[in-house]
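Biologist: Could you walk me through this model? I'd like to begin with the ligand.

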Amino acid sequence: MKPKVLIARRIFPDVVARLREHFEVEWYDENEPLTPAQLQRRLADKHGLFASGTEQITAELLDACPELKAVCLMTVGYNNVDVAACTALGVLLTNAPDVLTETTADFGFALMMAAARRISESEHFLRRGDWTQWRVDLFAGADIHGSTLGILGMGRIGQAIARRGALGFGMQVIYHNRSRLSPEQEAPLGAQWVSKQELLSRADHLVIVVPYTPESHHLIQAQDLALMKRSATLTNIARGGVVDEDALAQALGEGRLAAAGLDVFEGEPTVNPRLLALNNVVLTPHIASASVPTRRAMCNLAADNLIAALTGGQVLTAVNGRELAA
Ligand code: DGY
């Protein structure tokens, strides 16, 4: 008998077809997320789960699914999963790093540029019919080239953004991360490790790319924003909960920060109304990795992992593989 798997959301049909070659597949072919109760009911007799970053994989859910052997995410972030509970119950967790790095970095850079050069704000102005004359200071923003790029979180995506800034736009790259890059990694980018305080006070453009964990919850609060230059921008492509959104809205509203670009939100898909009310923030619906080729690659990597996990193959990107093997 084939192992049973649940695909918990709408994905590319050819990826589903690949999984059907190996498994008895239940496909929830909807964009509306399953409620926790629906997910638990559908997963109760399954050996594997194909999921994203939106399904909550809790200890309670895992306890109710005794057959479950593998949870394979198509996202790199796995803050929606209780990793310790997976490990304790012998459930393998995989995510989808690498395949989205360059696409996500492209988008982070675009969002930063849109905030700095006031692209959304000026487009809305034009569409409203408010453009009556050319002016010297019309939507004059901040330069990107030659400015200081501050990166909070220097993993794969942070480094890909640093490459764009240093090599493409002549930016000076400073970063803060728990661990420093090696001198060989820093040198080609001219990247300099600095304290979080120095990062905030020196950056002309701050890009946040840290993983969301209990330690990074509200890593950026009012006192951190107060260290930033009034002319600076803040771009968040990590998770909404890394930034205190009320404090950010306050700083943007009072002109203590020039602009922000946000792709992620603490209560998404609900967006803080204080942010919605501001002109100087570019808001996008969590789409940094959403190019068609990349979303396909993310789905295929999750499928490869699920096939390997349930058929005795070599899993490519395990989150808790080492702990399970121990
Ligand atoms: C990820 O892969 O974690 C992206 O944020 C998409 O959810």
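**Ligand site, cores and loops**

Modeller: A backbone N or O atom of V76 lies 2.7 Å from an oxygen atom of the ligand. Keep in mind that this is a predicted model.

Biologist: Which atom of G77 lies 2.8 Å from an oxygen atom of the ligand, backbone or side chain?

Modeller: A backbone N or O atom. With H286 the atom belongs to the side chain: a polar one, 2.7 Å from a ligand oxygen.

Biologist: How much of the ligand's accessible area does the protein cover?

Modeller: 85% of the 230 Å² that the ligand has on its own.

Biologist: Which residues surround the ligand?

Modeller: T75, V76, G77, L100, R239, H286 and M298. By type, the shell divides into 3 nonpolar, 3 polar and 1 charged.

Biologist: Back to V76. What lies 2.9 Å from its backbone oxygen?

Modeller: A polar atom of the N95 side chain. N95 sits in the loop between β5 (92–94) and α5.

Biologist: Is N95 buried or exposed?

Modeller: Buried, because its relative accessible area is 8%, and the limit for buried is under 20%.

Biologist: What does N95 touch beyond four places in sequence?

Modeller: L73, T75, V76, Y78, L301, N305, T317 and V319. T75 and V76 are also among the residues around the ligand.

Biologist: New topic, the packing. How many residues are in the largest nonpolar core?

Modeller: It has 52 residues. L19, F50, I151, I161 and L306 have the most contacts inside it.

Biologist: Which elements give two or more residues to this core?

Modeller: The strands are β1 (4–7), β4 (70–73), β6 (148–152) and β7 (172–176). The helices are α1 (13–22), α5 (101–116), α7 (156–169) and α13 (292–311).

Biologist: Pick I151. What is it in contact with, leaving aside neighbours within four places?

Modeller: G158, I161, A162, V173, I174, Y175, H176, L199, V207 and V209. One of these, I161, is also on the list of residues with the most contacts inside the core.

Biologist: And what does the second, separate core include?

Modeller: That core has 29 residues, including I208, A238, V243 and F265.

Biologist: What about phi of R118?

Modeller: R118 is not a glycine, yet its phi is positive, about 60°. It lies in the loop between α5 and α6 (119–127). R118 is partly exposed, at 25% relative accessible area.

Biologist: And H218, what is its phi near?

Modeller: Near 50°, again positive in a residue other than glycine. H218 is in the loop between β9 (205–208) and α10 (222–225).

Biologist: Why does H218 count as buried?

Modeller: Because its relative accessible area is 18%, and buried means under 20%.

Biologist: Last one, W27. Where does it lie?

Modeller: In strand β2, residues 24–27. W27 counts as partly exposed, at 23% relative accessibility.

Biologist: What separates the C-alpha atoms of W27 and R9?

Modeller: 7.2 Å, although the two residues are 18 apart along the chain. A polar atom of the W27 side chain lies 3.0 Å from the backbone oxygen of R9.

How values were computed
Residues numbered from 1 in each chain as written. Predicted model: local features only at pLDDT ≥ 70, side-chain atom pairs only at ≥ 80, totals over all residues. Heavy atoms only, no water. Near = heavy atom within 4 Å. Polar contact = N/O pair within 3.5 Å; in protein donor to acceptor, adjacent residues only side chain to side chain. Areas by Shrake-Rupley, 256 points an atom, 1.4 Å probe, with all protein chains shown as cover. Nonpolar A, V, L, I, M, F, W, Y, C, P; charged D, E, K, R; others polar. Core = buried A, V, L, I, M, F, W, Y, C linked by side-chain atoms within 4.5 Å. Buried < 20%, exposed > 50% of the residue type's maximum accessible area, 1.4 Å probe, protein only. Helix = DSSP H or I, 4+ residues; strand = E, 2+ residues; numbered from the N terminus. Contact = heavy atoms within 4.5 Å.
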